[in-house]
Amino acid sequence: MNHILVAGGAGYIGSHTVRALVKSGYQVTVLDNLEYGHEWAIVDDSVRLVTEDMGDLPRMQKLFAEETFDAVINFAGYINVGESVNDPLKYYENNVGRAVKFLQAMQGAGVDKLVFSSTCATYGVIDQVPIDEAESQNPINPYGQSKLMYETILNDCETAWNLRSVCLRYFNACGASDDALIGEAHDPETHLIPLVLQAAMGQRPHITVYGSDYPTPDGTCIRDYIHVDDLAEAHVKAVARLIEGGSSLKCNVGTGNGFSVNEIIETTKAVTGLDIPIEYGERREGDPPELVANPALANTELNWQPTHSSLKQIISSAYQWAQKQS
Ligand SMILES: NC(=O)c1ccc[n+]([C@@H]2O[C@H](COP(=O)([O-])OP(=O)(O)OC[C@H]3O[C@@H](n4cnc5c(N)ncnc54)[C@H](O)[C@@H]3O)[C@@H](O)[C@H]2O)c1
(Lines give C-alpha, C1' and ligand atoms only; values in the text may rest on other atoms or scores of the structure.)
Protein backbone atom coordinates (compact mmCIF):
# COMPACT_ATOMS: atom_id res chain seq x y z
CA MET A 1 0.00 0.00 0.00
CA ASN A 2 1.46 3.38 -0.97
CA HIS A 3 1.88 5.80 1.92
CA ILE A 4 1.12 9.50 1.36
CA LEU A 5 2.05 12.36 3.70
CA VAL A 6 -0.51 15.16 3.49
CA ALA A 7 0.72 18.49 4.91
CA GLY A 8 -2.22 20.76 5.75
CA GLY A 9 -4.49 17.71 5.68
CA ALA A 10 -6.65 18.96 8.56
CA GLY A 11 -7.70 22.02 6.54
CA TYR A 12 -10.60 22.43 4.13
CA ILE A 13 -9.29 21.01 0.84
CA GLY A 14 -6.74 18.75 2.54
CA SER A 15 -9.33 16.93 4.67
CA HIS A 16 -11.53 16.17 1.64
CA THR A 17 -8.46 14.91 -0.22
CA VAL A 18 -7.44 12.69 2.71
CA ARG A 19 -10.84 10.98 2.54
CA ALA A 20 -10.52 10.52 -1.24
CA LEU A 21 -7.02 9.03 -0.84
CA VAL A 22 -8.20 6.56 1.83
CA LYS A 23 -11.12 5.59 -0.40
CA SER A 24 -8.64 4.95 -3.23
CA GLY A 25 -6.62 2.56 -1.06
CA TYR A 26 -3.75 4.76 0.15
CA GLN A 27 -2.28 4.79 3.64
CA VAL A 28 -2.35 8.43 4.76
CA THR A 29 -0.49 10.41 7.42
CA VAL A 30 -1.54 14.03 8.01
CA LEU A 31 0.92 16.70 9.09
CA ASP A 32 -0.81 19.86 10.34
CA ASN A 33 0.06 22.39 13.04
CA LEU A 34 -3.71 22.93 13.55
CA GLU A 35 -3.29 26.71 13.40
CA TYR A 36 -6.21 26.78 10.97
CA GLY A 37 -7.01 23.09 10.62
CA HIS A 38 -9.35 20.95 12.72
CA GLU A 39 -8.78 17.57 14.29
CA TRP A 40 -12.45 16.70 13.65
CA ALA A 41 -11.84 17.11 9.91
CA ILE A 42 -9.85 13.85 9.89
CA VAL A 43 -12.66 11.34 9.92
CA ASP A 44 -10.97 8.09 8.92
CA ASP A 45 -9.63 6.07 11.87
CA SER A 46 -6.79 4.71 9.75
CA VAL A 47 -5.25 8.19 9.35
CA ARG A 48 -2.53 9.28 11.77
CA LEU A 49 -2.35 13.02 12.61
CA VAL A 50 1.09 14.46 13.32
CA THR A 51 0.60 17.87 14.96
CA GLU A 52 3.79 19.63 13.95
CA ASP A 53 4.85 22.61 11.88
CA MET A 54 6.23 21.86 8.41
CA GLY A 55 8.94 24.47 9.06
CA ASP A 56 10.38 22.65 12.06
CA LEU A 57 13.29 20.99 10.23
CA PRO A 58 14.56 18.68 13.03
CA ARG A 59 11.04 17.36 13.62
CA MET A 60 10.43 16.96 9.89
CA GLN A 61 13.73 15.06 9.56
CA LYS A 62 12.60 12.81 12.41
CA LEU A 63 9.19 12.23 10.78
CA PHE A 64 10.78 11.33 7.43
CA ALA A 65 13.27 9.04 9.20
CA GLU A 66 10.55 7.21 11.15
CA GLU A 67 8.17 6.63 8.24
CA THR A 68 8.51 5.81 4.57
CA PHE A 69 6.45 8.04 2.30
CA ASP A 70 5.91 7.30 -1.37
CA ALA A 71 4.72 10.84 -2.12
CA VAL A 72 3.76 14.07 -0.38
CA ILE A 73 0.90 16.52 -0.93
CA ASN A 74 1.42 20.03 0.44
CA PHE A 75 -1.73 22.03 1.25
CA ALA A 76 -0.09 23.80 4.20
CA GLY A 77 -0.01 27.55 3.88
CA TYR A 78 -1.78 30.79 4.67
CA ILE A 79 -4.64 31.60 2.30
CA ASN A 80 -6.01 35.07 2.94
CA VAL A 81 -5.21 37.40 0.02
CA GLY A 82 -6.14 40.63 1.87
CA GLU A 83 -4.04 39.70 4.90
CA SER A 84 -1.09 38.95 2.61
CA VAL A 85 -1.19 42.53 1.33
CA ASN A 86 -1.04 43.94 4.87
CA ASP A 87 1.40 41.38 6.27
CA PRO A 88 3.47 40.05 3.34
CA LEU A 89 6.29 38.63 5.47
CA LYS A 90 3.87 36.36 7.29
CA TYR A 91 3.00 34.86 3.89
CA TYR A 92 6.53 34.60 2.53
CA GLU A 93 7.73 33.14 5.84
CA ASN A 94 5.16 30.33 5.88
CA ASN A 95 4.23 29.68 2.22
CA VAL A 96 7.85 29.92 1.08
CA GLY A 97 10.23 29.82 4.08
CA ARG A 98 8.70 27.00 6.11
CA ALA A 99 7.65 25.19 2.93
CA VAL A 100 11.33 25.21 1.84
CA LYS A 101 12.37 23.61 5.15
CA PHE A 102 9.80 20.94 4.42
CA LEU A 103 11.39 20.36 1.01
CA GLN A 104 14.81 20.08 2.67
CA ALA A 105 13.47 17.29 4.87
CA MET A 106 12.01 15.57 1.79
CA GLN A 107 15.29 15.87 -0.07
CA GLY A 108 17.25 14.52 2.91
CA ALA A 109 14.96 11.49 3.06
CA GLY A 110 15.02 10.91 -0.71
CA VAL A 111 11.28 11.59 -1.14
CA ASP A 112 11.02 12.96 -4.66
CA LYS A 113 7.32 13.25 -5.50
CA LEU A 114 5.18 16.23 -4.49
CA VAL A 115 1.70 17.52 -5.32
CA PHE A 116 1.40 21.21 -4.50
CA SER A 117 -1.62 23.51 -3.94
CA SER A 118 -1.12 26.37 -6.32
CA THR A 119 -3.72 28.88 -7.39
CA CYS A 120 -5.20 30.91 -10.23
CA ALA A 121 -3.96 33.92 -8.19
CA THR A 122 -0.53 33.24 -9.76
CA TYR A 123 -1.90 34.57 -13.07
CA GLY A 124 -2.79 38.03 -11.74
CA VAL A 125 -5.13 40.16 -13.82
CA ILE A 126 -5.94 38.39 -17.06
CA ASP A 127 -8.09 40.07 -19.70
CA GLN A 128 -8.88 36.97 -21.64
CA VAL A 129 -10.88 33.90 -20.56
CA PRO A 130 -10.70 30.97 -20.36
CA ILE A 131 -7.20 31.07 -18.87
CA ASP A 132 -4.79 28.37 -19.93
CA GLU A 133 -1.43 27.41 -18.44
CA ALA A 134 0.57 29.16 -21.16
CA GLU A 135 -0.74 32.49 -19.86
CA SER A 136 1.92 34.68 -18.22
CA GLN A 137 1.99 34.63 -14.42
CA ASN A 138 2.05 38.10 -12.85
CA PRO A 139 0.52 37.83 -9.38
CA ILE A 140 -0.78 41.09 -7.92
CA ASN A 141 -0.56 40.22 -4.22
CA PRO A 142 1.97 38.53 -1.90
CA TYR A 143 -0.25 35.45 -1.54
CA GLY A 144 -0.19 34.77 -5.30
CA GLN A 145 3.48 35.71 -5.44
CA SER A 146 4.35 33.23 -2.66
CA LYS A 147 2.66 30.44 -4.63
CA LEU A 148 4.47 31.37 -7.85
CA MET A 149 7.80 31.43 -5.95
CA TYR A 150 7.17 27.92 -4.73
CA GLU A 151 6.32 26.73 -8.24
CA THR A 152 9.69 28.14 -9.35
CA ILE A 153 11.50 26.50 -6.43
CA LEU A 154 9.99 23.16 -7.45
CA ASN A 155 11.35 23.62 -11.00
CA ASP A 156 14.83 24.23 -9.59
CA CYS A 157 14.58 21.19 -7.30
CA GLU A 158 13.70 19.05 -10.30
CA THR A 159 16.84 20.24 -12.07
CA ALA A 160 19.02 19.69 -9.01
CA TRP A 161 17.71 16.50 -7.41
CA ASN A 162 15.00 15.11 -9.73
CA LEU A 163 12.03 16.12 -7.59
CA ARG A 164 8.92 15.49 -9.68
CA SER A 165 5.90 17.64 -8.87
CA VAL A 166 2.36 18.38 -9.92
CA CYS A 167 1.25 21.96 -9.23
CA LEU A 168 -2.52 22.20 -9.26
CA ARG A 169 -3.71 25.77 -9.84
CA TYR A 170 -7.11 25.78 -8.20
CA PHE A 171 -9.84 28.20 -9.12
CA ASN A 172 -12.57 28.83 -6.47
CA ALA A 173 -12.83 25.82 -4.14
CA CYS A 174 -16.30 25.39 -2.64
CA GLY A 175 -18.93 22.91 -1.45
CA ALA A 176 -18.76 20.19 1.18
CA SER A 177 -18.76 16.41 1.38
CA ASP A 178 -22.08 14.77 0.36
CA ASP A 179 -22.55 13.30 3.85
CA ALA A 180 -21.90 16.74 5.45
CA LEU A 181 -19.25 15.21 7.72
CA ILE A 182 -16.69 17.83 6.67
CA GLY A 183 -16.86 21.19 4.90
CA GLU A 184 -15.47 24.69 4.78
CA ALA A 185 -14.68 26.11 8.25
CA HIS A 186 -12.31 29.02 7.71
CA ASP A 187 -11.93 31.67 10.40
CA PRO A 188 -12.15 34.39 9.20
CA GLU A 189 -14.29 33.28 6.26
CA THR A 190 -13.62 35.27 3.10
CA HIS A 191 -15.13 33.00 0.44
CA LEU A 192 -18.33 33.98 -1.34
CA ILE A 193 -20.59 30.93 -0.99
CA PRO A 194 -20.24 30.49 2.81
CA LEU A 195 -20.75 34.25 3.24
CA VAL A 196 -23.90 34.22 1.06
CA LEU A 197 -25.21 31.28 3.11
CA GLN A 198 -24.49 33.16 6.35
CA ALA A 199 -26.53 36.12 5.03
CA ALA A 200 -29.34 33.74 3.98
CA MET A 201 -29.36 32.11 7.43
CA GLY A 202 -29.41 35.43 9.30
CA GLN A 203 -25.88 35.02 10.63
CA ARG A 204 -24.77 38.26 8.98
CA PRO A 205 -26.94 41.26 8.10
CA HIS A 206 -26.31 41.12 4.34
CA ILE A 207 -23.92 39.99 1.64
CA THR A 208 -21.81 42.75 0.16
CA VAL A 209 -21.41 42.61 -3.61
CA TYR A 210 -18.19 44.40 -4.54
CA GLY A 211 -18.83 46.09 -7.87
CA SER A 212 -21.91 45.88 -10.10
CA ASP A 213 -20.54 47.80 -13.08
CA TYR A 214 -18.08 45.25 -14.45
CA PRO A 215 -18.19 44.48 -18.18
CA THR A 216 -20.06 41.20 -17.54
CA PRO A 217 -23.69 40.40 -18.47
CA ASP A 218 -25.09 41.36 -15.03
CA GLY A 219 -22.26 43.70 -13.97
CA THR A 220 -20.90 41.45 -11.19
CA CYS A 221 -17.65 39.45 -11.18
CA ILE A 222 -17.53 36.01 -12.76
CA ARG A 223 -15.56 33.14 -11.22
CA ASP A 224 -15.04 29.42 -11.82
CA TYR A 225 -16.41 27.43 -8.85
CA ILE A 226 -15.01 23.94 -8.36
CA HIS A 227 -16.44 21.46 -5.85
CA VAL A 228 -13.92 20.43 -3.20
CA ASP A 229 -14.55 16.73 -3.90
CA ASP A 230 -13.64 17.30 -7.56
CA LEU A 231 -10.47 19.04 -6.40
CA ALA A 232 -9.75 16.11 -4.08
CA GLU A 233 -10.06 13.71 -7.02
CA ALA A 234 -7.56 15.77 -9.02
CA HIS A 235 -5.04 15.23 -6.18
CA VAL A 236 -5.64 11.48 -6.17
CA LYS A 237 -4.96 11.42 -9.93
CA ALA A 238 -1.87 13.63 -9.53
CA VAL A 239 -0.41 11.35 -6.84
CA ALA A 240 -1.05 8.29 -9.04
CA ARG A 241 0.65 10.00 -11.98
CA LEU A 242 3.82 10.62 -9.95
CA ILE A 243 3.87 7.16 -8.37
CA GLU A 244 3.47 5.56 -11.82
CA GLY A 245 6.56 7.48 -12.99
CA GLY A 246 4.78 10.32 -14.83
CA SER A 247 6.45 13.65 -15.48
CA SER A 248 5.98 16.95 -13.65
CA LEU A 249 2.94 19.01 -14.55
CA LYS A 250 1.41 22.38 -13.81
CA CYS A 251 -2.30 22.57 -14.55
CA ASN A 252 -5.49 24.45 -13.86
CA VAL A 253 -8.21 22.81 -11.83
CA GLY A 254 -11.53 24.44 -12.61
CA THR A 255 -14.70 23.58 -14.52
CA GLY A 256 -14.33 25.93 -17.47
CA ASN A 257 -17.70 27.52 -16.59
CA GLY A 258 -18.05 30.93 -14.99
CA PHE A 259 -20.82 32.20 -12.71
CA SER A 260 -21.42 35.76 -11.58
CA VAL A 261 -21.85 36.86 -7.97
CA ASN A 262 -25.53 37.57 -8.73
CA GLU A 263 -25.97 34.05 -10.14
CA ILE A 264 -24.49 32.60 -6.93
CA ILE A 265 -26.93 34.65 -4.84
CA GLU A 266 -29.93 33.72 -7.02
CA THR A 267 -29.06 30.01 -6.98
CA THR A 268 -28.57 30.14 -3.21
CA LYS A 269 -32.04 31.69 -2.86
CA ALA A 270 -33.51 28.93 -5.03
CA VAL A 271 -31.68 26.11 -3.17
CA THR A 272 -32.43 27.37 0.35
CA GLY A 273 -35.80 29.05 -0.21
CA LEU A 274 -34.44 31.91 1.94
CA ASP A 275 -34.28 35.61 1.23
CA ILE A 276 -30.78 37.13 1.01
CA PRO A 277 -30.25 40.81 1.90
CA ILE A 278 -27.74 42.39 -0.52
CA GLU A 279 -25.64 45.52 -0.19
CA TYR A 280 -23.83 46.81 -3.27
CA GLY A 281 -20.33 48.21 -2.60
CA GLU A 282 -17.45 49.60 -4.63
CA ARG A 283 -15.18 47.38 -6.73
CA ARG A 284 -12.23 45.93 -4.81
CA GLU A 285 -8.77 46.73 -6.06
CA GLY A 286 -7.29 43.93 -8.15
CA ASP A 287 -10.52 41.99 -8.68
CA PRO A 288 -10.57 41.06 -12.38
CA PRO A 289 -14.05 40.95 -13.98
CA GLU A 290 -13.74 37.31 -15.00
CA LEU A 291 -11.54 34.35 -13.98
CA VAL A 292 -12.41 31.08 -15.66
CA ALA A 293 -10.12 28.10 -16.21
CA ASN A 294 -9.38 26.23 -19.35
CA PRO A 295 -9.22 22.77 -17.73
CA ALA A 296 -8.19 20.92 -20.91
CA LEU A 297 -4.71 20.03 -19.64
CA ALA A 298 -6.04 18.43 -16.45
CA ASN A 299 -8.61 16.57 -18.56
CA THR A 300 -5.96 15.08 -20.87
CA GLU A 301 -2.91 14.74 -18.59
CA LEU A 302 -4.68 13.59 -15.42
CA ASN A 303 -7.76 12.07 -17.04
CA TRP A 304 -9.72 14.26 -14.64
CA GLN A 305 -13.25 15.61 -15.12
CA PRO A 306 -15.38 17.43 -12.55
CA THR A 307 -18.48 15.43 -11.61
CA HIS A 308 -19.79 17.32 -8.54
CA SER A 309 -19.52 20.91 -9.71
CA SER A 310 -22.97 21.93 -10.92
CA LEU A 311 -23.82 25.13 -9.08
CA LYS A 312 -26.84 23.45 -7.51
CA GLN A 313 -24.72 20.55 -6.19
CA ILE A 314 -22.11 22.94 -4.82
CA ILE A 315 -24.58 25.18 -3.03
CA SER A 316 -26.77 22.31 -1.77
CA SER A 317 -23.78 20.57 -0.19
CA ALA A 318 -22.48 23.84 1.30
CA TYR A 319 -25.96 24.59 2.70
CA GLN A 320 -26.27 21.13 4.24
CA TRP A 321 -22.88 21.69 5.90
CA ALA A 322 -23.75 25.24 7.05
CA GLN A 323 -26.98 24.00 8.63
CA LYS A 324 -25.04 21.37 10.53
CA GLN A 325 -22.67 24.04 11.82
CA SER A 326 -25.37 26.43 13.03
N1 LIG B 1 -9.64 27.54 -0.76
C2 LIG B 1 -9.41 27.92 -2.03
O3 LIG B 1 -10.33 28.35 -2.76
C4 LIG B 1 -8.01 27.83 -2.59
C5 LIG B 1 -7.78 28.27 -3.89
C6 LIG B 1 -6.48 28.16 -4.42
C7 LIG B 1 -5.46 27.61 -3.66
N8 LIG B 1 -5.70 27.20 -2.39
C9 LIG B 1 -4.58 26.63 -1.62
O10 LIG B 1 -4.97 25.36 -1.13
C11 LIG B 1 -4.36 25.10 0.13
C12 LIG B 1 -5.43 24.65 1.11
O13 LIG B 1 -6.43 25.67 1.22
P14 LIG B 1 -7.62 25.52 2.27
O15 LIG B 1 -8.73 26.38 1.79
O16 LIG B 1 -7.86 24.09 2.55
O17 LIG B 1 -6.94 26.22 3.54
P18 LIG B 1 -6.98 25.79 5.09
O19 LIG B 1 -6.50 26.97 5.86
O20 LIG B 1 -8.31 25.23 5.43
O21 LIG B 1 -5.90 24.62 5.15
C22 LIG B 1 -4.51 24.86 5.27
C23 LIG B 1 -4.01 23.95 6.39
O24 LIG B 1 -2.60 24.08 6.49
C25 LIG B 1 -2.24 24.13 7.87
N26 LIG B 1 -0.94 24.82 7.94
C27 LIG B 1 -0.67 26.10 7.56
N28 LIG B 1 0.63 26.37 7.75
C29 LIG B 1 1.20 25.23 8.29
C30 LIG B 1 2.52 24.90 8.69
N31 LIG B 1 3.51 25.79 8.64
N32 LIG B 1 2.73 23.66 9.15
C33 LIG B 1 1.73 22.74 9.24
N34 LIG B 1 0.46 23.02 8.88
C35 LIG B 1 0.19 24.26 8.40
C36 LIG B 1 -3.39 24.84 8.54
O37 LIG B 1 -3.47 24.57 9.93
C38 LIG B 1 -4.59 24.30 7.76
O39 LIG B 1 -5.11 23.14 8.33
C40 LIG B 1 -3.64 26.38 0.54
O41 LIG B 1 -2.27 26.22 0.29
C42 LIG B 1 -4.25 27.43 -0.37
O43 LIG B 1 -3.35 28.46 -0.65
C44 LIG B 1 -6.95 27.30 -1.84
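Which residues of strand β4 point one way, and which the other way? I started there.

**Ground rules.** I am working with a predicted model, where local features need pLDDT of at least 70, side-chain atom pairs count only at pLDDT 80 or more, and totals for chains, interfaces and linings use all residues. Residues are numbered from 1 along each chain as its sequence is written, and side-chain values use heavy atoms, with hydrogens and water left out.

**Entry 1: strand β4.** I looked up residues 71-74, which form β4. Strands here are DSSP runs of E, at least two residues, and helices are runs of H or I, at least four, numbered from the N terminus. Ala71 and Ile73 point one way; Val72 and Asn74 point the other way. All are buried, that is, under 20% relative accessible area with a 1.4 Å probe, protein chains only.

**Entry 2: its partners.** Two strands pair if DSSP finds at least two bridges between them. I found β4 paired with β1 (residues 3-7) in the parallel sense, over four bridges. Isoleucine 4 stands opposite alanine 71. β4 also runs parallel to β5 (residues 113-119), joined by three bridges. There, asparagine 74 has phenylalanine 116 as its bridge partner.

**Entry 3: helices at a pocket.** Next I checked the lining of the second largest pocket. A pocket is an open set of points on a 1 Å grid over the protein atoms alone, with protein on both sides within 12 Å along at least five of seven lines; lining residues have an atom within 4 Å of a point. α1 (12-23) and α7 (228-243) each supply at least two lining residues. α1 gives the most, with five.

Terms used: Buried < 20%, exposed > 50% of the residue type's maximum accessible area, 1.4 Å probe, protein only.
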